[in-house]
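Here is a short tour of how two chains meet, and of the fold that one of them brings along. Take a look at the model first.

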Amino acid sequence: MVLLNKKAVIILAGAVIGVTALILVRMGNPPNMGFCIACFLRDLTGGLGLQRSDTLQYIRPEIPGLVLGAFLASLFTREYRPLGGSSPLIRFVLAFFTMTGMLVFLGCPLRMLLRMAGGDLNALVGLFGLVAGVVLGIAFLRKGFSLGRATVLNRSNLYIFPAAAAALMVLLLARPAYFFFSQQGPASLHAPVYVSLAAGVLAGILAQRSRLCFVGGIRDFIIFRDLYLLYGFAAIFLTVLAGNLILGNFKIGFTGQPIAHSDGLWNFLGMALAGYGSVFLGGCPLRQLVSAAEGNTDSAVTVLGLAAGAAFAHNFGIAASAKGVPAEGKAAVLVGFAVIFLIALLNCKLALKKGVQAGGRTEGCAGSSVS
Amino acid sequence: MAEPKDARGLLCPEPLLIAKKEMERLVRGTFQVLVDTAAAMENISRLAGSLKWEVSVEQQGDEFLLTLKR
């Protein structure tokens, strides 16, 4: 295979996404939030009225743009596959708590990187947490954790997710009165619609081509010392760091960072929960959006789980804010660890040997069928 | 040759772990893995490269049959 070219592709993808993130912030997006899949899904749920935080409501065009970009790229390369049936409800729950963790930290792995590149040291604490969560998840993967096989579905499954993204874009442009648009707070800060849409489409194409995934990068490095996905990671970080230094946006420290809190323990645990859940889901929220756009309906259910998690987090005071992490948020993270731990146990070969079945498989997890 | 390892329908990193396990079991030899996404095909190819296994990919309709040799 053309692996050398692939390496160039992912470095290019990372650099372009980094520049795009800088442009988005320059043109109106919140600081250190050129892209944030978790934050944008949260704003999107707000825009649809699924959560009523009046500072967090906007249909972020980056999300439908990303989906449409990835969908078009998969059509062009014929990599689309209508797949589904790998424990969708479990994926929904995993995604729900993954989002809980990310909103206690205040960002997905992509924004974590952008925050680090802005000098926010709290995000570095988050990175340690993310790595710890991924390591914990891999321990279960090695014990044979599996959510079972997906099967090929009717082709019509392919179009639902991109069609929903297109519908969201149409509705955003039509601006019906029943959508919510924040007048103040983070969601009131946004680049012009077409800039955000174009940025999303571009990022979607690049992410589809390069398979960019932050959780996958850490995972592959731990499993087989592979750096491929981490090149994308590094390219985004270095590009945005350079951009922030040039534009004078770089400010190193723990306190006074934009849309961030400095409660180290919960920054760590929030991202650890996100990493733990994401490993079982097979990737970070960005990767889930791309995979859903390629026709994977399990990833589409995952995105719905992420959105539901965001809506609950803001309806029930779970999400953190610049002021800190509320008691409800801390409790939700602990509950999330307990739930994901239980799911992990129940879907491992060890549990399957004792008679628990998953996904119609009787021979156990993926690992056992080859041993 | 033995039946190919079936990694179809599995999301990352499961196809990768299946291939890795087989490489560790065989140490030397030849085996095949069947996957149905380009991402899994690329992942296993990278794994093979890093563990010094030769890999060839044959596209069969929507699926990829990888042959790994060492």
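Nine residue pairs are in polar contact between chain B and chain A, both residues at pLDDT 80 or more (N or O atoms within 3.5 Å, one able to donate a hydrogen and the other to accept it, with residues adjacent in sequence counting only if both atoms are side-chain atoms). On the side of chain B that touches chain A, E1, H1 and H2 of chain B each supply at least two residues. H2(B) gives the largest share, nine residues.

This is a predicted model: local features need pLDDT of at least 70 and side-chain atom pairs pLDDT 80 or more, while totals for chains, interfaces and linings use all residues. Residues are numbered from 1 along each chain, chains are lettered from A in the order written, and side-chain values use heavy atoms, without hydrogens and water.

| Feature between chain B and chain A | Value |
|---|---|
| Buried area (1.4 Å probe, summed over both) | about 2,600 Å² |
| Salt bridges (Lys or Arg side-chain nitrogen within 4 Å of an Asp or Glu carboxyl oxygen) | five salt bridges |

A:Arg149 forms a salt bridge with B:Asp6, their closest N and O atoms being 3.7 Å apart. B:Asp6 also stands opposite B:Leu34 in E2(B).

What is the strand order of the open sheet in chain B? The four strands run E1-E2-E4-E3, with mixed pairing (strands are DSSP E runs of at least two residues, helices H or I runs of at least four; pairing takes at least two bridges). E1 (5-6) and E3 (54-60) of chain B each have a single partner strand, so one side of each is left without a neighbour in the sheet.

Terms used. Buried area is the accessible area (1.4 Å probe) that two parts lose on being put together, summed over both.
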